[in-house]
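Biologist: I would like to learn how to read a chain interface and a helix pair. Show me the model, then take me through both.

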Amino acid sequence: MKPTSASTTGSSRLRLRRRDGSRNARRGTVPVRGLLPLAVLLLIWQLTGGSEPNFPPPSDWWSSIATLQDEGSLVPAIGQTLKSFVISLVIATVIGSLLGFLVGQSRITDRMLGPTLEFLRFTPAAAIIPVVVLLVGYEEKTKVIVVVLGSVWPILLQMRQASRSLSQESHDLARSLRLSPRQRVMKIQAPILLPSIVLGVRVAAPLCLILVLLVEITTSVPGLGNLMAHAQQNFLTPQVYGLVVVAVVLSYLINIAIGMLANYTARYQPR
Amino acid sequence: MSATLTPDATRAVPRSRRLPALRANWIGLSTALALLLLWQLLDATKVLNFTYLPAPSEILSAAKGLWQEGTLQHNLAHTLEVAVLGWALAAVIGAASGFLLALVPVLGDWVLASCEVMRAIPGVTLAPLSVLLFGFSLQMELVLVVYVSLWPVFMAAYVGAHSRDPRRADVARSLRMGRTAQVLKMVAPEAAAELFVSLRLALAVALNLAVLAEIIGNPDGIGAGLTQAQSALQPGKMFAYVIVVGLLGVILNWLLSAAFRTLLPGVAANLDRAEP
């Protein structure tokens, strides 16, 4: 946005404050004091809880998680969940980028595959699970298939968009610069497409984790979600609460990791 | 409302006003049909050889059977009811609280971080918890659906109402608009596009969570039908349910888009160009 000369020095402070409120800057500036209501709630919960079996106090959550850790089942479960997460995200990224590129490049492919992809996209992942279980069995593969099917879409859609814009820009530019095919990919296509893939992955990553947990909860494939389903079936309420907190921490860490990865790739964007 | 119409958007309106049905994608539909035929063919020639993969014809007859029993309609109605009701509740609660926090900065400062933490809870992990708290009931399903599909709408309302163009405020001041007029004529239309995208997302989430809740334990609905068919080893019925619920998702999304186009053509046209 171009600051007009009309907005004089008097309003510059105002403008600065408002720019803080803009979407990009806002994320980092959520005031920490906003955590107070949650902290107070948890404190009250801790002090008054205990009698009601459905609402065990937070200290019980902690001790039940510590029990799981002592049994030695927590860390392997997290490891399994993370492993499926990484494998699925990589596969989803590859498939999503390739398919998105293809669909974005040609209008006819787009129209041909459109309804089929649309249908797959709106089929709830939860509904696919029983079917895949029946076809493949309770295996690691089941997790990966369902998760890829559910999390490929953000990447695919981002890539389709980028790929569309590419076909007009790059074609003329590459021809007039007489670039070799390799140069065309490295100097024009990759820099244009990479940020879109990264953006797609950023959206897909939380979805991916959710889907991994989803499959683990509904099937008996080992992982964090399976521990949760197990705790629920045995009415270990504090453990369920504790595992929810573990999942929150995990998703938070994954978000940070993906953000770092995104910043890392951003350094390779040419101006 | 006209405040949101950039010249570009106004030009794009007539195209988007055409009913989507008139622009049916025949190539795409015939491709889908061809894929189904291929599947049938591969199955008939035993190239696709999974023990439990039914041919499309089997799926169709299974669906017909379910329809005649009346279970398909029953389950479909249940899932539809839960998903739509949950979605509507989530939309109202999410939009109202998002706007409130954005328009009352003090409140936002003191509450938003807590909301961010609550939002970070992966929705599906609440399913086992919800089963413990509410048992296998409609309430359990609804709570789960509402809680999870609330957050996209909340964030969109908050961000949409929060990130106004600074020049708009100057315009409002020079037009001497009151607080209410500003909210109605500037903030709401500005947030509308963002809100709509989130509503679409929330609808998909709601449908997903409804099916999940039914799979985990509710005796009604498409998810329950799926698990019953699974334990009875009836892949034809399972695929029938999956296809029905997929189509339901497509149709709901299409209806929402159509409603949005009719209600707010300007914003919708802007959005169409941004993400088709």
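Biologist: How many salt bridges are there between chain B and chain A?

Modeller: A salt bridge is a side-chain nitrogen of Lys or Arg within 4 Å of a carboxyl oxygen of Asp or Glu. Between chain B and chain A the count is zero. This is a predicted model: local features need pLDDT of at least 70, side-chain atom pairs count only at pLDDT 80 or more, and totals for chains, interfaces and linings use all residues. Residues are numbered from 1 along each chain as its sequence is written, chains are lettered from A and ligands numbered from 1 in the order written, and side-chain values use heavy atoms, without hydrogens and water.

Biologist: How much area do chain B and chain A bury between them?

Modeller: Buried area is the accessible area (1.4 Å probe) that two parts lose on being put together, summed over both. Here the two chains bury about 5,500 Å², with 73% of it on carbon and sulfur atoms. B:Trp110, B:Val124 and B:Leu132 supply 11% of the area that chain B buries against chain A, more than any other three residues.

Biologist: How do I describe two packed helices?

Modeller: Use the angle between their axes and the distance between the axes. Axes are lines fitted to C-alpha atoms over the stretch in contact, and angles run from 0 to 180 degrees between N-to-C directions. Helices are DSSP runs (H or I, at least four residues), numbered from the N terminus. Helix 4 (residues 71–103) and helix 10 (residues 221–231) of chain B pack at about 135°, axes 6 Å apart.

Biologist: Which residues of helix 4 of chain B meet helix 10 of chain B?

Modeller: Contact means heavy atoms within 4.5 Å. B:Asn75, B:Leu76, B:His78 and B:Thr79 meet B:Gly221, B:Ile222 and B:Gly225 of helix 10.

Definitions and conventions: Helices (H or I, at least four residues) and strands (E, at least two) are DSSP runs, numbered from the N terminus.
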